[in-house]
Amino acid sequence: MDRDTLHRFLYDMLLARSFEERAAQEYTNGNIAGFLHLYPGEEAVAVGVIHAAEPADYLVTTYREHVHALVRGLPPRQVMAELFGRRDGICKGMGGSMHLFDRERRFMGGYAIVGETFPVAAGIGYSIALRGLPEAVICFFGDGAVNQGTFHETLNMAALWKLPVLFICENNHYQIGTEIHRHSAVVDVYKRACAYNIPAEKLDGMDVINVHEATRHALAQIHAGNGPQLLEFETYRFRGHSMADPGSYRPRSEVKAYAGKDPVQTVINEAEFGYPTQEEIAAAGPDIIAQLVDHPSAIDHFDAHQVAAIKQDVEDVVEDAVALALQSPQPSMDDAWASLYCNRRHETLLAESGHD
Amino acid sequence: MTEQLLLWQALNRALDTEMARDESVFTLGEDIGLYGGSYRVTEGLFAKYGEWRVRDTPISEGSFTGLGVGAALTGMRPVVEIMTINFALLALDAIINMAAKIPFMSGGQFPMPLVIRMPGGVAKQLAAQHSQRLEQTLMNVPGLRIAVPATPQDAWWQLRQAIASDDPVIMLEHELLYFETGEVDFAAEAPPLHQAVIRRAGTDLTLVSYSRMANLATQAAASLAEENIEVEVIDLRSLGPIDWDTCAASLRKTHRLLVVEEDCRFAGAGAEIVATLTERCFFDLDARPARVAALDLPTPFNAELEAASIPRTADIECAARQLLGRDNPA
């Protein structure tokens, strides 16, 4: 892993963590209302997957999608303002936390009915295939979505017509509060893909480098015209399902075990020098000592100060996003009507009751 | 340039014309390709345009309608055929939660040039599950546009306009109208997609209707004319939006309103039509508005009961006479 790539991963994961924790705080402060689904714990999936995509590839996400939007390059200010429901939001305050869209960056929406991302992605994949374009679409979904009919219907169509769709399961083991063994007869999501002849793998979703590698490989297959692929990433959300859910149904030992696998800490560990202790050096023997000393300088990674500097950078970005969101005006009802009628162009339409 | 065509042929010509003109138009649905379509609307198109633009789908209404939504987001112009409206119940998430709401929720960023065609209404002894009317459900969804063509001419015009629209348009086609003949003038300029048309001028009462019931209303008006009752028949052509101005102008002349619908009476399309026109034209009315509608009953299989469960021309004539204070035959 080269230094620049690792820097981008580290930056995005720290930004993701900071943005989401700040969103939780702003929810508590009363600046964000409604449903707010946060991503801490799952960052390695969005960061690893989206960094493997080309800018021309489309993304379709669920309602837990702020981080996907940020990694895709949507301005943090506009994402935060949308969470606040303000006019400078990426959707002018019409969509909110669960419905982020950005046509320019091919961010095709956060969908808040479980199972909707499948057919939308298939439709985008169909139009890519019909036009013979060298593009793909990435379809995110959770473990709870695989028992919707749309999962099976769409996998069938995607395989039947070899659509360029990469299905990404963010398996955090819970559909809200129901653990996967209580909602699925087959708990290995990737095994279901074989019913539709779709190549699939289950992977550790807590390791961003791992996620990135697997995704790159899968997308290469798709771009080569080999049809859909499915990757299941095992991950964990540190928070409850939404801000309304304390997540108290989960065993403490389980939460603690996953906290030890914090993907953000993992990438920091990967990125930092990690000078061995005197005991480690003594225990390792002479050859190993040489390796431990040579490795970090050979690959030119970061030290703890550099990591702290990135942390400060993302804190500043988030602070700036909140400041903008707070200043942004409330959208007007005219903005709402303009959003509804955005596609009428100059067509002659009749006056309607209620809005002449 | 006019031709006598069956209504399905007019739709077929419209689809063919638009597919030839614009490569982003494609159609998908069950048995529409190789088989040619349950009501023949897509006949011949598979051979002409190939499997990618005339796509036979698995029986997965929810997902292939959602697939249409996804394709429309990228600027394609999908025409989804739901074999019958009864199966559209499985696709309501795609229609209501997705097609109707995405342009809005995105703050106006995305087009939704999606057409969803669905044959429906009460046909001939198809029993309760296959005799669905859903206009009231779809009318209540902001963001959808609903066309209800009753003639081959309107079918030709409205399907082409629906395909050209960047808003999602539902085409409610009546199963009993597919094999009705009418003259189609291909060169004539189309009225706006949602404009109502006066099918017969009259002075005594305004009869507002749509789809197959507009044809029955016109027949009823012809026989009422023999009793010196002059009925003005308005075919709405669209249920979303509704051309209230044409209705209101007629009521200012006739002062009486009769609405005829095949929808079930309770909370049906007619309820909205009567409510809005009463609000708008209250002081023009000389009598309470009236509705002739289907019974609030799942459609019986038995032929006689089935026929009695929806408006017939005799029912329309009877209601018109009542509204004018005339005696009905015993």
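Predicted model: local features only at pLDDT ≥ 70, side-chain atom pairs only at ≥ 80, totals over all residues.

Biologist: What makes β13(B) and β14(B) a pair?

Modeller: Pairing needs at least two bridges, and these strands share four, in the parallel sense. One spot to look at is B:V259, which stands opposite B:R291 in β14(B).

Biologist: Why is the sheet β9-β11-β10-β13-β14 of chain B called open?

Modeller: Look at its edges: β9 and β14 of chain B each have a single partner strand, so one side of each is left without a neighbour in the sheet. The pairing across the five strands is mixed, and neighbouring strands are turned by 25° against each other on average, direction ignored.

Biologist: How do you know which residues of α13(B) are buried?

Modeller: A residue counts as buried if 20 or more other C-beta atoms lie within 10 Å of its own. In α13(B), that gives B:I316, B:E317, B:A319, B:A320 and B:L323. They cover an arc of only 165° around the axis, which puts them on the same side of the helix.

Biologist: What covers the buried residues of α13(B)?

Modeller: The cover includes β10, α9, β11, β13 and β14 of chain B. The helix lies across four of the sheet's strands, β10, β11, β13 and β14, running at about 165° to β14(B).

Biologist: And how many residues does each chain give to the contact?

Modeller: Chain A gives 39 and chain B gives 43. On the chain A side, the largest share, 10 residues, comes from α5(A).

Terms used
Residues numbered from 1 in each chain as written. Chains lettered and ligands numbered in written order. Contact = placed C-beta atoms within 7 Å. Helix = DSSP H or I, 4+ residues; strand = E, 2+ residues; numbered from the N terminus. Buried ≥ 20, exposed ≤ 12 C-beta atoms within 10 Å, placed from the backbone. Arc of directions from axis to C-beta. Axes fitted to C-alpha atoms, helices over the stretch in contact; angles between N-to-C directions.
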